[in-house]
Amino acid sequence: MGNPAGPQPTSYPALDIPERILLGPGPSMVHPRVLQAMSTPLVGHLDPKFIEIMDRIQGLLRYAFQTGNPLTIPVSGTGSAAMEAAIANMVEPGDSVLVCINGYFGLRLAEMARRYGADVLTITRPWGEVFTVAEVQQAMQAHPPKVVAIVQAETSTGAQQPLDEIARVVHARSAILIVDAVTSLGGVPVRVDEVGIDVCYSGTQKCLGCPPGLGPITVGPRAEEILSTRSRPVANWYLDLTIVQKYWGKERTYHHTAPISSNFALYEGLRIVAEEGLEARWARHRRNAERLWTGLEALDLTLHIPLSHRLPTLTTVRVPEGVDEAQVRRALLEDFNIEIAGGLGELKGKVWRIGLMGHSSTPENVDLLLNALDRILHSP
Ligand SMILES: *Cc1c(COP(=O)(O)O)cnc(C)c1O
């Protein structure tokens, strides 16, 4: 039988995907040991062997987040699913939510909060800048929120939001703090308990060296209290942590089938994080970022974010006058097999975004990129 929608069904070729050097905003390169783990044969999702892996993933995630929070799990879905889980579980219609917006992912948080019926207040900063504690404090005084949400590592701009003191200010007004750590977990310090973050979420495809597919989240005691005293059920059934936690907890009640292979991948990825050690891993991300920054400046390129709040895991570089930014990215991909990204939103057409995340963060990759950029930009 033919295929009414297109070519003969048997004429589709086998997968033929090149091994790219992924230096964009995600996905980053996946460690070979993680790729290997993904091809492990499946077991049932309630098999004692899988349950053992679930427990170990939770233990390793607590290490990665630097927390003792019992409710620490990988949400089934990408970083955005973990973001949505944070909002859906903490917000009820009419709740007031303060979102700090200085880039694309702050906008997404605000959009999600609105969809869950929150009364959303926003404070904004130009893309590339960060918030001061006083700004957050002032916004809270004007209109006390139940939840404050902020992005630690704004992947759209390359700015790193300092978090010291923000949790204290938020808690002083009896609110809780949600932090987006998608481009920071495993790459720059995320200290959930020490900082006092109430809900922190991330994704596997950025600095954890795994493919996209899971969204680690951790929920602290204040946030657990909110969860257990909600006046109505979580509006998103799939991401409802009151039931998902029974699957990851002692009860092991079926909610949805955990993506087994993705969890195998995450387990191996987190083992690698632990073997390297968080401190060493943060230092490696910093060292390779500094190598990149020095090299870019040596090519007469201008970094968009000042050193004081520049993010090591994602660097934004200004596109020089008269250069076709998309053309440069095309040449990098076609002639050098390297992926970087263009700007988003306010920075569209103005910057390139270079990620040095997880397994992609090596001095060799930095040098490959710098040499390629030099050839493309400066060849006669
Ligand atoms: C990538 C990213 C997300 C979304 O993650 P996905 O895996 O693309 O769903 C959320 N927040 C930040 C800061 C990100 O960089």
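I take a cavity to be, on a 1 Å grid over the protein atoms alone, a set of points where a 1.4 Å probe fits but cannot get out, and I count as lining residues those with an atom within 4 Å of a point. A pocket, under the same scheme, is an open set with protein on both sides within 12 Å along at least five of seven lines.

**Ground rules.** I am working on a predicted model, in which local features need pLDDT of at least 70 and side-chain atom pairs count only at pLDDT 80 or more, while totals for chains, interfaces and linings use all residues. I number residues from 1 along each chain as its sequence is written, and I take side-chain values from heavy atoms, with hydrogens and water left out.

**Entry 1, cavities.** I searched the whole structure and found 2 cavities of 30 Å³ or more, where grid points are joined across faces, edges and corners and a volume is the space filled by probe spheres set on the points. The second largest cavity holds about 40 Å³ of space, and I list its lining as Thr204, Cys210, Pro211, Pro212, Gly213, Leu214, Ser262, Ala265 and Leu266. I sorted this lining into 6 nonpolar, 3 polar and no charged residues, counting Ala, Val, Leu, Ile, Met, Phe, Trp, Tyr, Cys and Pro as nonpolar, Asp, Glu, Lys and Arg as charged, and the others, Gly among them, as polar. Helix H10 supplies the largest share of that lining, 3 residues; helices (H or I, at least four residues) and strands (E, at least two) are DSSP runs, numbered from the N terminus.

The largest cavity holds about 70 Å³, and its lining comprises Ile73, Pro74, Val75, Ser76, Tyr238, Leu239, Leu241, Val244, Trp248 and His256. The elements giving two or more residues to this lining are strand S2 (71-76) and helix H9 (241-248), with S2 giving the most, 4 residues. By class I noted 8 nonpolar, 2 polar and no charged residues there.

I read about 350 Å³ of space in the largest pocket, whose lining has 15 residues, with Glu19, Arg20, Met29, Val30 and Leu35 nearest its centre. Helix H1 (residues 32-38) gives the most to the lining, with 3 residues, and the lining divides into 11 nonpolar, 2 polar and 2 charged.

I looked up the peptide bond between Gly26 and Pro27 and found it cis, with omega about 0°; Pro27 lies in the loop between strand S1 (21-22) and H1. Gln66 has a positive phi of about 55° although it is not a glycine, and I place Gln66 in the loop between helix H2 (48-65) and S2.

I traced an open sheet of 7 strands in the order S2-S10-S9-S8-S5-S3-S4, with mixed pairing, where two strands pair if DSSP finds at least two bridges between them. Its edge strands, each pairing on one side only, are S2 and strand S4 (119-124), and the twist averages 20° from one strand to the next. Strand S3 (residues 96-101) and strand S5 (residues 147-151) run parallel and are joined by 3 bridges, and Leu98 stands opposite Val148 in S5. Helix H2 packs on the sheet, touching S2, strand S9 (199-201) and strand S10 (214-219), and its direction makes about 105° with that of S2. Helix H5 (residues 133-142) also packs on the sheet, touching S3, S4 and S5, at about 150° to the direction of S3. Contact here means heavy atoms within 4.5 Å, and angles run from 0 to 180 degrees between N-to-C directions, with axes as lines fitted to C-alpha atoms, for helices over the stretch in contact.

I found an open sheet of 3 strands in the order S11-S14-S13, with antiparallel pairing, and its edge strands are S11 (314-318) and S13 (341-342). S11 pairs with strand S14 (residues 351-355) over 5 bridges, and the bridge partner of Arg318 in S14 is Val351. Helix H12 (residues 325-336) lies across S13 and S14, running at about 30° to S14.

The axes of H10 (residues 260-276) and H11 (residues 278-298) come within 6 Å and cross at roughly 90°. I therefore record H10 and H11 as roughly perpendicular to each other, the class for angles of 65 to 115 degrees, beside roughly parallel under 35, roughly antiparallel over 145 and oblique for the rest. Ile272, Val273 and Glu276 of H10 meet Leu278, Ala280, Arg281 and Arg284 of H11, a contact of 4 nonpolar, no polar and 3 charged residues.
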